[in-house]
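Here's a quick tour for anyone meeting this structure for the first time. Take a look at the sequence and the model, then read on.

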Amino acid sequence: MKMSQPFKDKVVVVTGGSSGIGYATAIALAEQGAQTAVIADINQSGLESAVAYGNQHELSIESMQLDVSSAENVERMIKTVLDKHGRLDCAVNNAGIEGEMKPTHECSEENWDRVMGVNLKGIWLSMKYELQAMLAQGSGSIVNVSSTAGVGGLPQWSAYSASKHGVLGLTKTAALEYAKTGVRINAVCPGAIETAMTDRIIEREPSMKEMYVQLEPVGRMGQPAEVAQAILWLLSEEASFVTGHAMHVDGGFLSF
């Protein structure tokens with residue numbers, strides 16, 4: 001049976017796409033017919049692996065190294081996409097870091113600035129230039145990746161939680177600003193997902209793995225592909241009446 005191709009001929013950009021949720025999302029978009037999936041990430045080796053996978057499976061995947069906290073980098077990325085492909089149909093703003101695991105009074109200014117620079121400023125910059133492209137063409141769909149930590153508190157992760165709350169504020173504000181323009185903006189709030197980020201956290205604090213599993217009512221951590229499917233739905237025309245929404249993909253965690 002031939003796979004459905006709801007993203008046929010679409011040009012899409014995924015930041016933080018060299019691993020985890022971003023990688024799973026970019027691959028799924030390419031598999032579902034995207035004209036090209038542009039993966040943008042600071043991790044060059046991860047980008048090379050993604051492109052190699054695309055070549056091996058005859059998927060249209062391009063890569064671009066960038067720092068999302070740099071306006072110059074982000075503006076150049078969108079300009080490059082437009083110069084080459086003429087349009088930008090979908091964007092997934094996923095790049096993010098966890099920062100240090102410390103209580104609020106021990107959070108360093110350096111850690112705060114770094115986490116905010118990537119997780120919040122990076123998404124704002126990405127939206128800024130994506131929106132300019134989409135407004136010019138009169139259509140587009142954006143999904144920002146927040147977290148369950150963007151809905152509730154997360155002890156020991158003040159900068160991370162604050163940044164993810166900010167992502168939801170940005171998402172909802174922009175969704176209202178552009179609701180009548182043909183551009184939709186939504187967010188996903190993943191729970192505990194098995195990614196390189198959670199691997200790093202568990203490596204530093206092994207007890208976190210059991211805690212993650214216990215926190216999830218379904219009794220397990222999620223997979224990147226499960227979040228990717230939620231993102232694809234929000235990006236697609238099937239969600240044409242959905243904007244400003246924060247979808248929880250969390251195994252029931254936020255249902256408590």
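This is a predicted model: local features need pLDDT of at least 70, side-chain atom pairs count only at pLDDT 80 or more; totals for chains, interfaces and linings use all residues.

**Glu98 and its partners**

- Glu98 pairs up with Arg200 in a salt bridge, and their closest N and O atoms sit 2.8 Å apart.
- Arg200 belongs to helix α6 (residues 196-204) while Glu98 is in the loop between β4 and α4, so this pair ties together parts that are 102 residues apart in sequence.

**Other salt bridges**

- How many salt bridges does the structure hold? There are seven of them.
- As a bit of background, side chains of opposite charge can pair when their charged atoms come close.
- One of the bridges joins Asp83 and Lys79, with 2.8 Å between the closest N and O atoms.
- Asp83 and Lys79 are four residues apart in helix α3, so about one helical turn separates them.
- Asp83 and Lys79 are both exposed.
- Another bridge links Glu226 with Arg220, and here the closest N and O atoms are 2.7 Å apart.
- Glu226 is partly exposed, at 36% relative accessibility, and Arg220 is partly exposed too, at 41%.

- Which residues form the negative surface patch? They are Glu100, Glu109, Glu110 and Asp113.
- Glu100 sits in the loop between β4 (90-93) and α4 (109-137).
- Glu100 is partly exposed, since its relative accessible area comes to 33%.

- Ser18 is in the loop that runs between β1 (11-15) and α1 (20-31).
- With a relative accessible area of 11%, Ser18 is buried.
- What does the side chain of Ser18 make a polar contact with? The partner is the side chain of Asp41, at 3.0 Å.
- Ser70 is found in the loop between β3 (61-65) and α3 (71-85).
- Ser70 counts as buried as well, because its relative accessibility is 18% and the cut-off for buried is under 20%.
- A polar atom of the Ser70 side chain lies 3.1 Å from the backbone nitrogen of Asn73.
- Ser45 is part of helix α2 (residues 44-56), and at 47% relative accessibility Ser45 is partly exposed.

Notes
Residues are numbered from 1 along each chain as its sequence is written. Side-chain values use heavy atoms; hydrogens and water are left out. Patches are made of residues with over 30% relative accessible area and no salt bridge: like charges are joined within 9 Å, nonpolar side chains (Val, Leu, Ile, Met, Phe, Trp, Tyr) within 5 Å. Accessible areas come from the Shrake-Rupley method with a 1.4 Å probe; for residues, only the protein chains shown count as cover. A salt bridge is a side-chain nitrogen of Lys or Arg within 4 Å of a carboxyl oxygen of Asp or Glu. Lys and Arg count as positive and Asp and Glu as negative; His and the chain ends are not counted. The place of a charge is taken as NZ of Lys, CZ of Arg, CG of Asp or CD of Glu. Helices (H or I, at least four residues) and strands (E, at least two) are DSSP runs, numbered from the N terminus. Buried means under 20% relative accessible area, exposed over 50%, partly exposed in between (1.4 Å probe, protein chains only). A polar contact is a pair of N or O atoms within 3.5 Å; within protein, one must be able to donate a hydrogen and the other to accept it, and residues adjacent in sequence count only if both atoms are side-chain atoms.
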